[in-house]
Structure formats: structure tokens, C-alpha cells
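Please open the structure in your viewer and keep the sequence beside it. The tour below goes from one selection to the next, with a short account of what is to be found at each stop.

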2 protein chains.
Amino acid sequence: MQITANNPDRKSWLHVNKDTDFPIQNIPFGVFLTKEDIITIGTRIGEYAIDLGAFHQLGYFDGIPLTDDMFMQDSLNDFIADGRKTWRLVRNRIADVFDAENSSLRENKKHRDIIIFDMNDVEMLLPIDVGDYTDFYSSKEHATNVGMMFRGKENALMPNWLHMPVAYHGRSSSIVVSGTPIHRPYGQTLPIGETTPVFGSSKRVDMELETAFITTAANNLGESIAVDEAWEYIFGMVLFNDWSARDIQKWEYVPLGPFLGKNFASTISPWIVTMDALEPFRCESPKQEITPLPYLQQERKDSTYDIKLEAILKTENGDLNLLSKSNFRYLYWSMSQQLAHHTINGCNIRTGDMIGSGTISGATKNSFGSMLELTWAGKEPIILKDGTKRTFFNDGDTVILQGSCENDNVKIGFGKCSGKILPPINLK
Amino acid sequence: MQITANNPDRKSWLHVNKDTDFPIQNIPFGVFLTKEDIITIGTRIGEYAIDLGAFHQLGYFDGIPLTDDMFMQDSLNDFIADGRKTWRLVRNRIADVFDAENSSLRENKKHRDIIIFDMNDVEMLLPIDVGDYTDFYSSKEHATNVGMMFRGKENALMPNWLHMPVAYHGRSSSIVVSGTPIHRPYGQTLPIGETTPVFGSSKRVDMELETAFITTAANNLGESIAVDEAWEYIFGMVLFNDWSARDIQKWEYVPLGPFLGKNFASTISPWIVTMDALEPFRCESPKQEITPLPYLQQERKDSTYDIKLEAILKTENGDLNLLSKSNFRYLYWSMSQQLAHHTINGCNIRTGDMIGSGTISGATKNSFGSMLELTWAGKEPIILKDGTKRTFFNDGDTVILQGSCENDNVKIGFGKCSGKILPPINLK
């Protein structure tokens, strides 16, 4: 089936700013709450939120096999479970109905009033009921940087790293949508030179500049997904800030990996941008230094996406400080390799699973995806516009991730993934 | 509220074998499928499965505030979410109705035929929709044994271990109910003395003799649970076999912890035994060698439970070979300490989260909870009844975990947690 929704020449009858992340070629999916307390699945064009529950009820999806309540839900899981054919039919139809040439909804004020909201009048909610959340560690630059700081130059990149996309299980319950404030976590840390830990709030709250992809059910327990088939099971992507407390992490992580240093919160952007919308931005992955085992060898060379990423620190005075400019294409391991590896042992992937990229760092210092790397473990503070310094984040700091793809014809963006750090909650 | 269901003098009008795990004092909760394709929440007395959906519809819970469909569900999550008061009211009522002195159901053949099934006529299903699954590592003996094998005697117990209950995130999707066969996983392993990994099916499939507890929603994101309050949020326990592929694990686990070496399957026993039923078996935890930080200091001394555990290998000829005899009380860290630690950073616990103990090993070799320890990394094979040897498990082997508490008055058991290992599924 053609992805007609991607036609770069298409214009919408809804007004769209030229630099928007959400032209009619994007058509992402999210869940929002209206002022009338209605929760619905929706999409976005420019500064308009579109209620797909109402859109469906009013007949605009007629001819597409969909359950009646497919979009009148508080998560996208059922829609994602329907599979790629449905995603494509639905996205193509939305593009048609909002096409400048199509008058059906444009000329129906009553329907427009029911379906279309100003973005300022809706509250974005978590778009999926996350099943399992896995975080990969697929940026060679990030793994090398962190390895050097935690274990020294000799042991920076572990022997397994070039042979497999290393990953660990994360925590689903603490995944929150952009805009949710994050409380500074308490925990145990080991002061330098000491052998006994102390208790207190983390002094090293950090971001991780990541993306994540969302899956549809892929395999039964015991079965695996072939690397070249993995694409079938990826619905779309979000920006992802995997908040980290480096001092807690450093003391706890041996031998079973990160736990409380990570699971106090992870923030995702509210709109899931589909793989279909990102298709024009496929590009080549970095050359792999070691030929991986056959189950990780992928046929297609354009196995990654050119997605520009930024991390910005907004201080309480409103200043925006650019911390990092990175790109999804820097990742050494592709999403299809990640999924093939994840399932090679028979681990089953369900609808709504979220799979993080790991921190995406580039080769140069201004492209590092965490404060740990940007300030080299706090040794090289960043000087902000207001003259203050940061090694890790202060209470009151807001971290904003942004991401977009752009070519001569169109820009497809993710909007913002934002979270403000608040002081810890008093202990009981 | 009194736990009248625990009255040791109570007898049921249902016939119960003397050595059953499920006397009327147990009243565990599970989910089963009948031959008429009805899925319901149920309990068990002796060799009878009791349909609590029908029990409720026929009025036997009258007077207890419950939603109409509370038990006509395919998971216990809604019931667990209702909290401890409801659990206790429901369990007390079931004990009353099946008490030998109570004739209401006993004398109503029509109702009995609807409510009561022979255990042989039902199929047990996964009793909960697992949210997040966390696995602790709370047996000092196990952590020391594994540490010695993986890292040598000097680094066996990591410096953090005596200061905190170390844990990591596991995989929820691959948690299956007892009786589900497990396919041997494929993966990468590093042959001894080599620097390049090879691909194949695991040669070191192992069990982990564990228990797990199931929670009700406990805290909002950012809040923590005090160690002495943690008990409020624990619904009950199951036996838990956290299958492990030691060769895959060894190559992959640095630096982020176990992943594919674990997430191919974990098996739980089908009946959740409530903490109320286990209350008479509280006992003292091992003395902690280092006073933990205040948030881990618990008031009550009887912070663990005397639960005898066994691991048995059933070979294809039907022989039962006892592999290990251990006890839940050997664990160094208590469940309340685990929950307090898990939430000290504000990580939110939801209804249906499953929290594993980690492998429970005792001090002597016959009490070790994994083949890794029992055969000392494969160096000391076990000789079975049929004369064959095992280091790790063969295809066709069935691993059975059993657990029970017993005092002069009553025995409360968990039934079986069983899984048979099948050959790997052919790769696509």
C-alpha cells in the first residue's frame, strides 16, 4: 500500500506555520484530554489537535475496518495492535480529509467544531500503556565516554559491545509524558574516598538524550524475529529523556546494572511519529567495525534515520541554553538489529513495548547526550547565559529535548519532550 | 479486622487430604479456565477449584462491597487494587461458607455444581497482569557463590551488597504460569579462551529457586514507602523459577546486567498465597551484619517467613530427583526492606507488580538454589537416579519448585511451579 499521506506537495486547509513540526505530512498519534474532560486518541496538524474518536464517529473513516471505539480510548495500544495496514489506511485517510482539495470536513462547521481543538485547549497524556521498557546502549561514543569515566580508559568499551546491541530492562511505571515535573530522587551514594554510603538527595541529576520506538505484538514466546522483518513491528518513535541520578547509579550498578539511579522517572514526547512519516529520512548507518553474527546482519543499508536532536536547558528566568546537538543516525546499532537481538532468545515483544536507543552522543563534545559527558563527570562545568554554572541539574531547571527531520520538501518533527526538576518530596 | 480465615481448628465440608497444600486455612487466589471455556477468578480447597465469579453472582459475598464483575476477570489486578480490607473480608467469607458448620452452600446441590470444580477439570492461567517485574538479589549465600564464580573470591560480594538490597529490572512479558514449556534459548556466548563470540543454543540452562510477591498500588511517583508501612501493599506470594542461561548471561551482563540470559522465560506457581495466610509463619530474619541506613531499619524483628522450599528435577522417565532444599527465611533482606529501597527514590509501585526474591540459597551445598551453585559452575555434576549426570538442564527435563509452611496445627503450601525444557524453535 502506498503511503499517500507522505506526498510532499500536499497542503492542508488548516493553517500551518512554515516551520511547524506537524505539517500534514506528519500525522502523529497521541492521546489528549479536552476541557470537557473527554479523553481521546488524536492527531495534530500545526497548532490544531484533532479528535479521532469524533472523526471516526462522524464517519470520516468509513470504509476502513475499525472497531467502533478504536479511538475513544486512553491509550493507543488497541490501534497499534491492529498492525501496519491499519496504521497506513488511517494515516492516509486523515491526510485526505485535511487536504486543501477536500471540502467534506472543511465545509462542515458543525463537524469541525466537534473534531478540531486548539492545541492550547487540550492536555497531552501518556499515549501508550507501556508493557515492557527496554533501554539499549547503542551509541558507541556514549558507551565509550561513560566507560572511560566509570572504569577508566582501558576498560571503556566492554568486549561484548561491538558484537551485540547491549541493553537492559528499565521501569515502565515511571514513564511520564512531557510536562510532568520530576522530583529529585533520594538514595544511597558513596562519597569519594569513603567505604560507607550516605543517604540524601542526588547531587547528580542528569538527562539522557534518547529516542524510543513503540512496537506492535511481534512474536510468541520462544520465537525470534528476523533482522530484516523487524521493521514490520515498529509503529513509531518518540523523544525520550531517561533521567539519571549518576551518584546513585555509580554506587548501586555493580553487578546487576542501573536500578534506582534510573527508575525515578523517564519522560517521553506526547506525539508518536510513525515510521511511515519518517520513511523519507532513511539513511545509512555507521559502518560496523566488526561483522556481526548472521542474525544481526541486515540487508538494507539505509537502516537508520536522519533525525536531528537537541537538548536545551531552560533556567527559571526563562533563558534557553543549548546543551547538545546530536543525531539519531550516529547510533551504531539499528532498530532492526536491536529487535532481532532482543528476540533471538525467544523473548516475546508485545504491543506497547517501548524500546529506548540509549543516550545518543556524537563524536564531538557539543554532541554529547548527557551532562555526565558534557561536563566530563562534573569536571568541566557549562556556563549558562545567566552566568551561572552547571555540572548536573539544579532544582527549577527544565530540560527540553527536540527532534526533527528535514529535506528540501518537508520537515517532520517530534515537538517537545520537557520536564522540570523539583525538590525531593519530604520523606514519611 | 481479624483474620478469622486462619482459625486452625476450622474444618471444611469439602474433603481435604491431610497433607494438602490447600487446607481451608489457605484460600489462595488464582485464575482458571473451565471446560466450558469460562475464565474466572477462583480459590482452591484440597483438590477442588472454586469459581469465585459464580460464588459472587449467587450471593455468597453479599454484604461485602464488591463490584459485580470483580471475579469474572482474567486477572486478579482489580481485586488486588481494592486493598487489604477487601482481601481479608473475601477470604474470611470463603472460609465461613466452606466451614463444616455452614450448610448454606453445602446443602445447595445446584449451587455446588455451578461453583465447585474438580482440579483435574480446570486449567490454571497466569493469575495477574504483571506490571513491572523487579528481581532482587537478597540471598547473601547466593550472591557470594555467584560472585566467586564470575569474579573470583576477592570480589565475590560487592561493596554495596550489605548496605542495600541490590536489584534489577526483569522482563514481564515472558512470565508464564506453571506448566508452560520453555524453549531452550539461542544466543551469543564466548567460548573459554576465545575473544570472538559464537552463536548457538545455550548449553547452560539453569533454574533459580525463588519466590515473588505481588503488590497493590502503593505510592505516587516521587513518593516513597516507609519500611514499616510496606507490608500494607503486599498481597501475596508465589513460587518463582527465574530461568537463566548462564553462558549467555556471562557474556552479555557487563556493564548493564542480565538481559537475554534471563528474559526468555520465568515461571510462577498459579495460586497466590496471601500474606494473611502466611502470617502464622512469620519468623526472625538473619541478623544484619551492618546496621543499614535509617530508611532500611525495620521495627519488627519477625520480618520474614518460615517457608520450606524444594527444587526437583523430573527426568523424562518420570524419576523425581531432589536438587535442593532451601528456606525463604535464609534471605538477608526482608520484603519490607526491598519495597522501602525500591521506592526511596520515588519509583512508583503499581497493582500487579511482581517482585522476586532472587535465588534463595542456604549455607550448605544441598540448599543452593541454582545448578550454577549446586554443580559449582558445572565442575561437580549431579548424579541422578537413572545414573545420568547433570551440570545444567537437558531438553526434556522438567524443573519443579515446591514450597510450604508447617506448624503443629496447619500446613499452608504453594502447590507446584513446574516447567519442562524443550529444544529451541527453528530460527526463521
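## First stop: an annotated site in chain A

Begin by selecting A:Asp242 and A:Tyr133 and showing their side chains, which make a polar contact with each other at 3.2 Å. Bear in mind throughout that this is a predicted model.

Stay with A:Asp242, which sits in the loop between β14 (234–241) and β15 (244–245) of chain A. With a relative accessibility of 1%, below the 20% cut-off, A:Asp242 counts as buried. If you display what surrounds A:Asp242, leaving out residues up to four places away in sequence, the residues it touches include A:Asp135, A:Tyr168, A:Met207, A:Glu208 and A:Glu210, and also A:Lys262, A:Ala265 and A:Ser266.

Next select A:Ser266, which belongs to strand β16 (residues 266–268) of chain A. Is A:Ser266 buried or exposed? At 1% relative accessibility, A:Ser266 counts as buried. Among its contacts, again setting aside neighbours within four places in sequence, are A:Tyr133, A:Ser174, A:Ile175, A:Val176 and A:Phe240, together with A:Asp242.

## Second stop: the axis between the chains

Zoom out until chain A and chain B are both in view. A rotation of 180 degrees, with 0.0 Å of shift along its axis, superposes chain A on chain B with an RMSD of 0.0 Å, which is the relation of a two-fold axis. To find the axis from within chain A, select A:Gly257, whose C-alpha is the one nearest to it in that chain, at 2.2 Å. The same surface serves both copies, as 100% of the contact residues of chain A recur in chain B.

Finally, colour the strands of chain B and look for an open sheet of 5 strands in the order β4-β3-β2-β1-β5, with antiparallel pairing. The strands β4 (116–118) and β5 (122–125) of chain B stand at its edges and have a single partner strand each, so one side of each is left without a neighbour in the sheet. Neighbouring strands of this sheet are turned against each other by 45 degrees on average, direction ignored.

Within this sheet, select β2 (residues 39–45) and β3 (residues 48–51) of chain B, which run antiparallel and are joined by 4 bridges. As one example to inspect, B:Gly42 has B:Asp51 as its bridge partner in β3(B).

Definitions and conventions. Residues numbered from 1 in each chain as written. Chains lettered and ligands numbered in written order. Predicted model: local features only at pLDDT ≥ 70, side-chain atom pairs only at ≥ 80, totals over all residues. Heavy atoms only, no water. Pairing = 2+ DSSP bridges. Helix = DSSP H or I, 4+ residues; strand = E, 2+ residues; numbered from the N terminus. Axes fitted to C-alpha atoms, helices over the stretch in contact; angles between N-to-C directions. Least-squares fit on C-alpha atoms with pLDDT ≥ 70 in both. Contact = heavy atoms within 4.5 Å. Buried < 20%, exposed > 50% of the residue type's maximum accessible area, 1.4 Å probe, protein only. Polar contact = N/O pair within 3.5 Å; in protein donor to acceptor, adjacent residues only side chain to side chain.
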